[in-house]
Amino acid sequence: LQTRMQSLQPDPKAQYRSVYEALKRMVLTEGFWRPLRGINVTMLGAGPAHALYFACYEKMKKSLSDIFQPGGNSHLANGIAGSVATLLHDAVMNPAEAVVKQRLQMFNSPYKSVLGCVRTVQRTEGFGAFYRSYTTQLTMNVPFQAIHFITYELLQEHLNPHRQYNPRSHIVAGAVAGAVAAAATTPLDVCKTLLNTQENTALSSLKIRGHLSGMANAFSTVYQLGGVPGFFKGVQARVIYQMPSTAIAWSVYEFFKYFLTKRALEKKP
């Protein structure tokens with residue numbers, strides 16, 4: 001839904017006024033499973049990407065907190081740790097989620113399968129196409145994760161000051177942190193979607209030949225086609241997507257962190 005609603009010049013059959021309308025029309029006209037297209041490639045990359053992401057975050061957060069605020073919780077350390085962890089996460093997820101998934105999700109996508117999409121992009125655009133938006137992805141995700149982690153840790157200080165395993169506080173803090181970060185970085189996400197999908201209709205209307213590349217070009221193109229409101233296309237869908245996503249990620253992560261730590265302590269003599 002987010003990918004479709006961020007389209008700058010969508011097909012007349014794929015113009016939606018709200019998230020609910022988009023979901024309803026997609027299911028009725030394209031089938032019940034259409035909104036889940038691309039889930040397999042996302043699942044394939046999510047495991048290793050999140051393993052690197054949280055491992056790097058925990059290590060750097062502890063090391064930097066000891067430097068900036070010994071014995072305490074440093075928000076600066078949380079922001080830096082989240083930003084650095086994003087470099088590893090996006091190196092794995094960018095080809096899978098940002099390129100292949102979004103091309104499969106576009107209206108009237110010419111790709112029939114994940115493997116078919118990978119082969120076609122490799123053959124017609126080269127390997128570099130899978131990382132064409134990597135710098136843009138980082139430009140968006142570094143501030144997103146900095147805001148996300150700082151907000152999460154700040155809320156934990158108020159909701160769970162003793163930092164014990166508390167599912168309710170992890171879910172609430174995760175959801176709010178995801179929503180705040182998502183809303184703040186929507187303009188960057190719109191530019192990233194344009195670079196990933198290379199929306200033909202939009203580029204043709206401005207007589208842009210070849211492939212659009214670079215954040216500056218993406219910003220200029222979005223502004224020419226949609227003005228300032230164009231940078232916030234799909235903000236509602238993005239926030240609705242990120243809230244449960246970050247809530248689930250944090251609650252699952254905190255559970256396993258608690259579970260594994262408890263087992264380790266029980267095994268000690």
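Modeller: A salt bridge is a side-chain nitrogen of Lys or Arg within 4 Å of a carboxyl oxygen of Asp or Glu. The model discussed here is predicted.

Colleague: What makes the contact between Glu30 and Arg34 a salt bridge?

Modeller: The N to O distance between the side chains of Glu30 and Arg34 is 3.1 Å. The cut-off is 4 Å, so the pair is called a salt bridge.

Colleague: How many salt bridges does a search of the whole structure find?

Modeller: The search finds eight. In one of them, Glu21 pairs with Arg25, with the closest N and O atoms 3.1 Å apart.

Colleague: Where do Glu21 and Arg25 lie?

Modeller: Both residues are in helix H2, four residues apart, which is about one turn of the helix. Glu21 is buried, with a relative accessible area of 15%, while Arg25, at 26%, is partly exposed.

Colleague: What N to O distance is found in the salt bridge of Glu125 and Arg103?

Modeller: The distance is 2.7 Å, so the pair meets the 4 Å cut-off.

Colleague: What is the value of phi of Arg163?

Modeller: Phi of Arg163 is near 55°, a positive value in a residue other than glycine. Most residues other than glycine have a negative phi.

Colleague: Which residues make the nonpolar surface patch of about 730 Å²?

Modeller: The patch is made by Tyr165, Ile248, Val252, Phe255, Phe256, Tyr258, Phe259 and Leu260. Tyr165 lies in the loop between helix H6 (134–159) and helix H7 (167–184).

Colleague: What is the volume of the largest pocket?

Modeller: The volume is about 1,500 Å³. Of the 49 residues that line this pocket, the closest to its centre are Thr42, Glu97, Lys101, Tyr241 and Ser245.

Colleague: Which helix gives the largest share of the lining of the largest pocket?

Modeller: H11 gives the largest share, with 13 residues. Several helices supply at least two lining residues each, including helix H3 (39–68), helix H4 (75–105) and helix H11 (235–267).

Colleague: How do the residues of the lining of the largest pocket divide into nonpolar, polar and charged?

Modeller: The lining has 24 nonpolar, 16 polar and nine charged residues. Among the residues closest to the pocket centre, Glu97 and Lys101 count as charged because Glu and Lys belong to that class.

Conventions:
Residues numbered from 1 in each chain as written. Predicted model: local features only at pLDDT ≥ 70, side-chain atom pairs only at ≥ 80, totals over all residues. Heavy atoms only, no water. Patch = residues over 30% accessible without salt bridge, like charges linked within 9 Å, V, L, I, M, F, W, Y side chains within 5 Å. Areas by Shrake-Rupley, 256 points an atom, 1.4 Å probe, with all protein chains shown as cover. 1 Å grid on protein atoms, 1.4 Å probe; cavity = no way out; pocket = protein on both sides within 12 Å on 5 of 7 lines; lining within 4 Å. Points joined across faces, edges and corners; volume = space filled by probe spheres on them. Buried < 20%, exposed > 50% of the residue type's maximum accessible area, 1.4 Å probe, protein only.
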